[in-house]
Each structure stands twice: as C-alpha cells, then as structure tokens.
Amino acid sequence: MDSSVLDDLIAEQQVLDDLVAGLDEAQWATPTPAAGWRVRDQIAHLAMFDEVATTSLTGGGEARFAKIIAAVASGDTAFIDSPAGNTPGHEALASWRQARHDQLAAFRRIDDAARVPWGPNLMSAVSLCTARLMETWAHGLDCFTALGVEPVDTDRLRHVCHITYRAIPHALMECGVSRPETIDDLVVEVTSPAGAVWRFGRPDAPNRIDGTAAEFARVGVRRMPLADSALRAHGPFADAALQNLKAYL
C-alpha cells in the first residue's frame, strides 16, 4: 500500500481520536449536524465501515455488502438510524480503535492496485484508503461542529478533493444528469490550506471549477451548502458538476 496515503489516513483518524478521547458521556450524547446522530453515533458508524473495509480487503466484501443490502431491504436500518444504539461513547471509541488497527494491518498487506468490493462497485485498494480518509474527515467535521471546536485544515484535504473530482461522473449519474462531456473535459483548480494551487484534470480542459480546497472538499462531502461557498464554475459541464458534487457513494 502507498504509505503516503495510509500515513495520511492514520493522521486524520488520530485528529478525530484526540478530539473525542476525553469526552464524558454527556458530551458523547451531543447531537451532531447529521439528524438523529450523536457524537458517539459518528464514531460507531466509522467503526462499522472501517470493519467492513477490512472485510473487503481480506476477501469477504461481496458477502458483507450483500448482508448490508438485505438488511436495508428488510427495513432493518438501526445501524443507519442510530449506529451506536445504547453503546456508551467510550465503548464506541474502543471499537473504532480496534477496527482501525485491523484495517491498517489489512491495508499494509495488500497491493495498491488490487481491486476490492465497495458497495456495488470495485475499487482499487489505494482508492478505498482515500475513501476511508475522506469519510473520517467528513464525520470528523460533524463532531467538531457538535463540540464547538474549530477544525484545522491540512494538506490531507488533497485526498478529499481528488476523490471528489474523480467521483463527479458517478455523482451526476446518481442525480440523473446526463451530459456528453467526460471528466477529461473538466479541470478543478483550488487553493490548498498552505496556499499552493492544486489541479485535478488537464489544464486546457474547456470547463473549470475554482476556489479553495477547503470549500471544494466540504461541498463534496455535503458539509457545506454550495450557496455558502465562493466556488465558481466556468462552463456548462463545470456548472452541472458543481451543483451535484458528492464524494461518496
């Protein structure tokens, strides 16, 4: 596994762990921006899907996702509606730490290019690692907001911006938006937290989105309304992409 992506995933997980490690049970029960979810639900959700990722990385992904899909179809959605249930926050954190440990070992054993199930799709192991970082950061934002702590943006946002860009065709398909252009017709140019310019796509693409990486990433994980951002679209394909950004399945 590409150690740079994996190291950034570990760092992002530790930021969230540091935020919640000292919480008392009243704080664990603090409502977050996700309707019906407390801080402990955010951590329990991450624990579950880090464990699911480990299952995919070690050969059991198709069967595990079949069970998840069957549960949703039957109406057994407690794991979505209230991921922690009655589990105390410190126990949810312990479960997440174990899930992270197991996931890390699985990532270290697999080749970057190996393709593993994730939902209805197959993705490379390195892309799954990027997706786990993206989800950790997104749910971390919910926890920071709930606890009234300002998060510090880092250059790890590059991974979130990259996966948001690569997910644009899927996001448009999900929304029923059909366009003749391909992702090669779009470039995203955003300013990093450190002030560098990050470019995703070919520089001469006829459509462009620009702004800050912080806002592009937040809109991509649906933690900031597009109207509250200063992101700009240049070209019809860029406008359609920006209106429908979604970094996750």
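Reply: In this predicted model, the contact between helix α1 and helix α6 brings Leu6, Leu9, Ile10, Gln13, Gln14, Leu16, Asp17 and Val20 of α1 against Leu93, Trp96, Arg97, Arg100, Gln103, Leu104, Phe107 and Arg108 of α6. Sorted by class, the residues of this contact are nine nonpolar, three polar and four charged. As for the geometry, α1 spans residues 3-20 and α6 spans residues 89-109, and the two helices pack at an angle of about 175° with their axes 12 Å apart. Because an angle over 145 degrees counts as roughly antiparallel, α1 is described as roughly antiparallel to α6.

The UniProt record, an unreviewed entry, annotates residues 12-142 as "domain: Mycothiol-dependent maleylpyruvate isomerase metal-binding".

A strand pair can be described next: β1, residues 115-118, and β2, residues 121-124, are joined in the antiparallel sense over four bridges. Within this pair, proline 117 stands opposite leucine 122 of β2. The two strands make a hairpin with two residues between them, and glycine 119 in its turn has a positive phi of about 60°.

Elsewhere in the chain, four strands make up an open sheet of mixed pairing, in the order β4-β3-β5-β6. Its edge strands, each of which pairs on one side only, are β4 and β6, the latter at 232-234. Averaged over the sheet, and with direction ignored, neighbouring strands are turned by 15° against each other. Strand β3 (residues 186-191) pairs in the parallel sense with β5 (residues 207-212) over six bridges, and in that pair threonine 191 stands opposite threonine 212 of β5. With β4 (residues 197-200), on the other hand, β3 pairs in the antiparallel sense over four bridges. There the bridge partner of valine 190 is tryptophan 198 of β4, while threonine 191 has valine 197 of β4 as its bridge partner. The hairpin of β3 and β4 has five residues between the strands, and glycine 195 in this hairpin takes a positive phi near 100°.

Helix α8, residues 157-166, lies across β3 and β4 and runs at about 25° to β4. Helix α11, residues 236-243, packs on the sheet, where it touches β3, β5 and β6, and its direction makes about 45° with that of β5.

Phenylalanine 200 belongs to strand β4 and, because its relative accessibility is 5%, it counts as buried. Leaving aside residues up to four places away in sequence, phenylalanine 200 touches Arg158, Cys161, His162, Tyr165, Leu186, Val187, Val188 and Val190.

Methods
Residues are numbered from 1 along each chain as its sequence is written. This is a predicted model: local features need pLDDT of at least 70, side-chain atom pairs count only at pLDDT 80 or more; totals for chains, interfaces and linings use all residues. Side-chain values use heavy atoms; hydrogens and water are left out. Two strands pair if DSSP finds at least two bridges between them. UniProt positions are given in the numbering used here, feature names are shortened, and annotations may be inferred rather than shown by experiment. Axes are lines fitted to C-alpha atoms, for helices over the stretch in contact, and angles run from 0 to 180 degrees between N-to-C directions. Angles under 35 degrees count as roughly parallel, over 145 as roughly antiparallel, 65 to 115 as roughly perpendicular and the rest as oblique. Contact means heavy atoms within 4.5 Å. Ala, Val, Leu, Ile, Met, Phe, Trp, Tyr, Cys and Pro count as nonpolar, Asp, Glu, Lys and Arg as charged, and the others, Gly among them, as polar. Buried means under 20% relative accessible area, exposed over 50%, partly exposed in between (1.4 Å probe, protein chains only).
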